[in-house]
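Look at the structure below and follow the chain from one end to the other.

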Amino acid sequence: MKSLSLGFRKLRVLDIVVLGVLMALALVVGRFTVGTSVIRLSFGFVITAIASYLYGPLWSSTIAALGDIIGTVISGNIYFPGFTISAILGATIYGLFFYNQQITWKRVIISQLIIAVFVNAILNTLLLTILVKTPFWGLLPIRIFKEIIVTPIQMAILYFVLNSKQFEIIKNRLLG
């Protein structure tokens, strides 16, 4: 088993460029959703997981935070720092489970469950109640229902993307 690493390493120019491209991709991909108003799936999590896998929790959290701030400004919405914290936590969790690790079903399932329960269902619901003054216990069941539907789909997408031949080629070129 490989040791835990947080990704504290000096970045090459190529790494900075790739992180910038990943952040831009997350901004674009995150705007496209599938589903209804209650159950909506965005694919930005895949880009965050890729950045976390390639660069670890430190750098992926950095671009997740910057991406959240820039995305909010671009969309014209009111900036709320709580969601930046959620973005940082999601990237950190992916980084802790994926960076310098073999991608297994166990790692994907555990990381996605932690994000689904603690970040998406509990923390984001709390943040929404603060932001839009909605009762937490009234909103929580709907958010849990959404996570029950969306989380297994996200698990499958992550596992297959991070274990694909195409991603292996990209990873080998970048980390060579």
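The text below goes through helices, core, salt bridges and surface.

This is a predicted model, in which local features need pLDDT of at least 70 and side-chain atom pairs count only at pLDDT 80 or more, while totals for chains, interfaces and linings use all residues. Residues are numbered from 1 along each chain as its sequence is written, and side-chain values use heavy atoms, with hydrogens and water left out.

Helix α1 has 17 residues and reaches 24 Å from its first C-alpha to its last. That is close to the 24 Å expected at 1.5 Å a residue, the expected span being 1.5 Å times one less than the number of residues. Its buried residues are Asp15, Val18, Leu19, Leu22, Met23 and Leu27; buried means under 20% relative accessible area, exposed over 50%, and partly exposed in between (1.4 Å probe, protein chains only). The cover over these residues includes α2 and α6.

Helix α3 covers residues 81-98. It has 18 residues and spans 26 Å from first to last C-alpha, close to the 26 Å expected. Among its buried residues are Gly90, Ile93, Tyr94, Phe97 and Phe98, and what covers the buried residues of α3 includes α2, α4 and α5. After α3 comes Asn100, with a positive phi near 60 degrees.

Which residues touch the most other members of the largest nonpolar core? They are Leu22, Leu54 and Phe98, in a core of 31 residues. The elements giving two or more residues to this core are α1, α2, α3, α4, α5 and α6, and α2 gives the most, with 10 residues. A nonpolar core is a set of buried Ala, Val, Leu, Ile, Met, Phe, Trp, Tyr and Cys residues joined through side-chain atoms within 4.5 Å. In soluble globular proteins, nonpolar side chains tend to be buried together. Leaving aside neighbours within four places in sequence, Leu54 is in contact with residues including Leu22, Tyr99, Phe167 and Lys171; contact means heavy atoms within 4.5 Å.

Thr125 is in helix α4 and is buried, because its relative accessibility is 0%. Phe136 is in helix α5, and its contacts beyond four places in sequence are Ile122, Thr125, Leu126 and Thr129.

How many salt bridges does the structure hold? There are 3, each a side-chain nitrogen of Lys or Arg within 4 Å of a carboxyl oxygen of Asp or Glu. Asp15 pairs with Arg12 at 2.8 Å, N to O. Asp15 is buried, with a relative accessible area of 0%, whereas Arg12, at 39%, is partly exposed. Lys146 and Glu147 are joined at 3.2 Å, and both are buried. Glu168 and Lys171 meet at 3.3 Å, N to O. They are about one helical turn apart, because they lie 3 residues apart in helix α6.

Last comes the surface. Val38, Ile142, Ile144, Phe145, Ile148, Ile149 and Ile153 form a nonpolar patch with about 600 Å² of accessible area together. Such patches are made of residues with over 30% relative accessible area and no salt bridge, nonpolar side chains (Val, Leu, Ile, Met, Phe, Trp, Tyr) being joined within 5 Å and like charges within 9 Å. Accessible areas come from the Shrake-Rupley method with a 1.4 Å probe, and for residues only the protein chains shown count as cover. Phe145 is in helix α5 and is partly exposed, at 46% relative accessible area.

Key: Helices (H or I, at least four residues) and strands (E, at least two) are DSSP runs, numbered from the N terminus.
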